[in-house]
Structures are given as C-alpha cells and as structure tokens.
Amino acid sequence: MVGAGPAGLTAAITAAQRGYRVIMLDGNRLPGRKLLLTGKGRCNLTNACDNDLMISNILHNGKFLINALYQFGSSDTIAFFASLGLPTKTERGNRVFPASDQARDVLDVLLNIADKAGVDFRSERVIQVSHERGIFQIKTTSSLYHSSRLIIATGGMSYPATGSTGDGYRWAAALGHRIVPTRPALVPLVTSTAWIKVMNRLLLKNCGVEIISKSGRKLFSGFGEIELDQGMAGGALLLTASSQLDSVQGCRLLIDLKPALSPEQLQNRIEREVERKPGLITADLLRKLLPAALAGIFPQLSNIKPGTRVIDLKIKARKRLVELLKSLPVELTGHGPFSKAVITAGGVDVQEVDPQTMGSRLIPGLYFAGEVLDLDGLTGGFNLQIAWTTGFVAGSSC
Ligand SMILES: Cc1cc2nc3c(=O)[nH]c(=O)nc-3n(C[C@H](O)[C@H](O)[C@H](O)COP(=O)(O)OP(=O)(O)OC[C@H]3O[C@@H](n4cnc5c(N)ncnc54)[C@H](O)[C@@H]3O)c2cc1C
C-alpha cells in the first residue's frame, strides 16, 4: 500500500491484523507527518456526533460514506483509540481530542499497533504504478514491487511539504479512474483590498460575515472568527466559506465588526461617547470600538482625519463610520493556494468506487482510502474521520 498518513496507517493495521503481509510505502522518512500538524498539534481526531450529522458536515459525497460509517464511525474511532491506551476528551462542538492534547500520542499508538501487527514500513517514494494481468507493479525510487492488491492512500495536494503532492490522482487516472477536478478547500481567501495586505494575523472574534456575488446574490453568511493576514482573509468562518463556495472571484466580503448592535444602537453608542467627552477625537473613538490595527486604517477608509473631533463630524461622516463598522467591504479574488489549504476538494470520483469496500469498480484489487477520494469535510474532526473510516473499510475488504 502507498501512503502512511491516517488513512494508510488504518488500512495497513486492519489488513495486517487479518493476516495479510502488508508493505506500507511512504516517501517521507517517518509516517504520519501531516497527522502531527492536525488541530494545531492537538489532533482533532473525530467528531462525537451521529452518522447523519457526520454526513451533513462532509460537503462533497457525504452519502457515499453511509455504509462505511456503519462499519467504522466516530464511536468506533474513540473506542479504537481507547483500546490502544489513548483516552480522548470531547470539547465544544463535539470535537474529540486525545486527553493529552498531543497529536504525537495519536501517531505513536498507531505506529505501535502497526508494528505489532507486522506492518512493514518502508521509506520509499513511489514513482509509478501500473497494472498488468491482475498484478500491480509499484516502482519506487529504489525498488520494484509486485502485488495482487494495492491500496492508494496518498492524500490530496494540500500542505505538499508533508508529502502529499497529488501522485495518487495521477496513478488513478492512468489506471482509468476519473478524477474530479481538485481545488484547495478549508483555505484562506485571497483579497485585492490594499489595507488587508498590511494586516498581520489580525484575529477578529465574533464577527458577522456575508459573501456577495458580482450580481448581488448572497452566497454565504455566518458568524464567528476570522483572521486577516497579509492579503488573505481566513479564520474558521472563512475556511468554511472556502469549502462551500467553488469560486469567490469577483465576490465581495462584508464584515460586520459589531454584530451585536444594530446600526441605530451603534449610532447611539457613538453619540453617548461624545456626550460623555465632547472633545473626543475620531482616532480615540475608533480605538474604543476597534482593535488597534483596524482603528489605524479606518480614518483612511472613511475619509475622516483622525484628529477631527467627533462632535465636529457631519451626520454623513458619522453615518459612514457606522456603515463601515457594520459592513466593512473586502474584495475577493479567489481561494488561497494548496500550500495553505487544510484539505483538497475533488479527487478520485466515488461513483467508480464501491462504498462498501472502497474497492475500484474498474480494477479488481485496487482500493482507495482517505483524502485521495473526492470527499472533504468541514473543520471539527470530520476529515480525519473520513481517513479512519475509509482506511478501516479498505483494510477490511482488500
Ligand atoms: C494544518 C492541518 C491541520 C489539520 N487538522 C485537522 C484536524 O484537526 N482534524 C481533522 O479531521 N483533519 C485535519 N486536517 C486534515 C487531515 O490532516 C487530513 O484529512 C488527513 O491527513 C488525510 O489523511 P490521508 O491519510 O488521506 O492523507 P495524508 O495525511 O496526506 O497522508 C498521505 C501520505 O501519502 C504519502 N505519499 C504521497 N505521495 C506519495 C508517493 N508518491 N510515494 C510514497 N508516499 C506518498 C505522503 O508522504 C503522506 O504521508 C488538517 C490538515 C492540515 C494540513
């Protein structure tokens, strides 16, 4: 099998425990490189929700996983790790983490059980895969392998520095599989708005956002956390938007910086500040309402001199301030690159894969597991559950 990420490791362990001789090839020196980065090093390993909720959080082809989730769902994942001596804890939004908060511990228990089950890990990059008369030929940088079964678990194209560079798609296509066009998902959005270029990881909690198409249609709305960083608009809320929307080119992002207040309430709040302190200048008012980085650029955006006393502002200027606070416009030009994407949308077309086995409907003996398939979930542990589920099913069926 190729790929020693969460999907490949699960498939290898399951197949080896069934008595198969398993050789697990990975281009990295050590397995599970991306797994160590997950959940900011804490590994949000699944979501403790029922299968229906799980499926609704998988944006593309969630229904393909119905059968597989009954074979190995999130409760099986939690029980599996508990059986390996790794207790878990459940946090806000049903997000499950190792009790130790260490992704390293998740990987260590997997490597330990893989070793015990007899999985033979080899650090070799696969450069070609072919299939002739029922046998797969797997060529690596140093050897040639032959096998009647092959599991491709090479991941997607996101964070390519971790080893997943999209090779699995090329082999699947060469073997006759259709590849649904790939794109970065759970990725910050790129903006052309000049002031965002000078923002440095500005985290704005409790914002409202809307994404409006060129024709004025509302494509996305939500409430939560966003991050503005050097020309990119990311954070949990906008990562979700990036997965839900195939294209945001030419769209406008509107940020509500004061979602708890209506425009009238905000206007009143400003009036109250002025009553309390008639000499208040605009720069000081902005500092009361906004984080420093934003307060600094607001005068330019609103065409108001920062030293102007708020009491001297014309009604139109005050309205303009309120408008910007409630609906700060940012122009979007597209999704960020794969190198910043948590996940890849698109991949091996699941129509050509048996949902009960993860086996190819075109080539007997060929199986797929993990991100290489056209399955992608939202944040919350759904993507790792896709890896455990499809890995288990492929390893049980091959
Ligand atoms: C920063 C970050 C944080 C994340 N956090 C979470 C989280 O908290 N919870 C969650 O559910 N999901 C999270 N994800 C997503 C999750 O990591 C992926 O869904 C998951 O790793 C996919 O597993 P996989 O086994 O399919 O692929 P991968 O983990 O990408 O593993 C694929 C393996 O295949 C190997 N490979 C590729 N090509 C070749 C080749 N030619 N020869 C040999 N080997 C090859 C690679 O080296 C790699 O080791 C996160 C992703 C990122 C980038």
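This is a predicted model: local features need pLDDT of at least 70, side-chain atom pairs count only at pLDDT 80 or more; totals for chains, interfaces and linings use all residues.
**Figure 1. The shell around the ligand, to which helix H13 gives the largest share.** The ligand is surrounded by 39 residues, of which the closest are Gly3, Gly5, Gly155, Gly163 and Gly370. Two or more residues each are given to this shell by helix H1 (6-17), strand S1 (23-26) and helix H13 (382-397). When the residues of the shell are divided by class, 16 are nonpolar, 17 are polar and six are charged.

**Figure 2. Domain 1 and domain 2 of the protein chain, shown where they touch.** The domain assignment divides the chain into domain 1, made of residues 6-183 + 342-397, domain 2, covering residues 189-253, and domain 3, covering residues 263-328. The centres of domain 1 and domain 2, taken over C-alpha atoms, are separated by 30 Å. The contact between these two domains involves six residues of domain 1 and five residues of domain 2. On the side of domain 1 that touches domain 2, four of the residues are nonpolar, one is polar and one is charged.

**Figure 3. Strand S18 and its antiparallel pairing with strand S11.** Strand S18, which spans residues 343-348, has six of its six residues buried, and it is therefore largely enclosed by the rest of the structure. Strand S11 (residues 179-185) pairs with S18 in the antiparallel sense, and five bridges connect the two. Within this pairing, valine 180 has glycine 347, in S18, as its bridge partner.

**Figure 4. The open antiparallel sheet S7-S8-S9.** This sheet is formed by three strands, which follow the order S7-S8-S9 and pair in the antiparallel sense. Strand S7 (126-132) and strand S9 (144-147) stand at the edges, and because each has a single partner strand, one side of each is left without a neighbour in the sheet. From one strand to the next, the twist averages 20 degrees. S7 and strand S8 (residues 135-140) run antiparallel and are joined by six bridges; in S8, lysine 139 is the bridge partner of glutamine 128.

**Figure 5. The open antiparallel sheet S2-S5-S4.** Here, too, three strands form the sheet, and their order is S2-S5-S4, with antiparallel pairing. The edges are taken by strand S2 (46-47) and strand S4 (88-91), each of which pairs on one side only. Between S4 and strand S5 (residues 95-98), which run antiparallel, there are four bridges, and phenylalanine 97 in S5 stands opposite lysine 89.

Figure 6. Of the 398 residues in the chain, 44% are buried. Among the contacts in the chain that have a separation of 6 or more, 73% are accounted for by residues 24 or more positions apart.

Definitions and conventions
Residues are numbered from 1 along each chain as its sequence is written. A residue is near a molecule or strand if its C-beta atom, placed from the backbone, lies within 6 Å of it. Ala, Val, Leu, Ile, Met, Phe, Trp, Tyr, Cys and Pro count as nonpolar, Asp, Glu, Lys and Arg as charged, and the others, Gly among them, as polar. Domain bounds come from an automatic or database domain assignment. Two residues are in contact if their C-beta atoms, placed from the backbone, lie within 7 Å. Two strands pair if DSSP finds at least two bridges between them. A residue is buried if 20 or more other C-beta atoms lie within 10 Å of its own, exposed if 12 or fewer, and partly exposed in between; C-beta atoms are placed from the backbone. Axes are lines fitted to C-alpha atoms, for helices over the stretch in contact, and angles run from 0 to 180 degrees between N-to-C directions.
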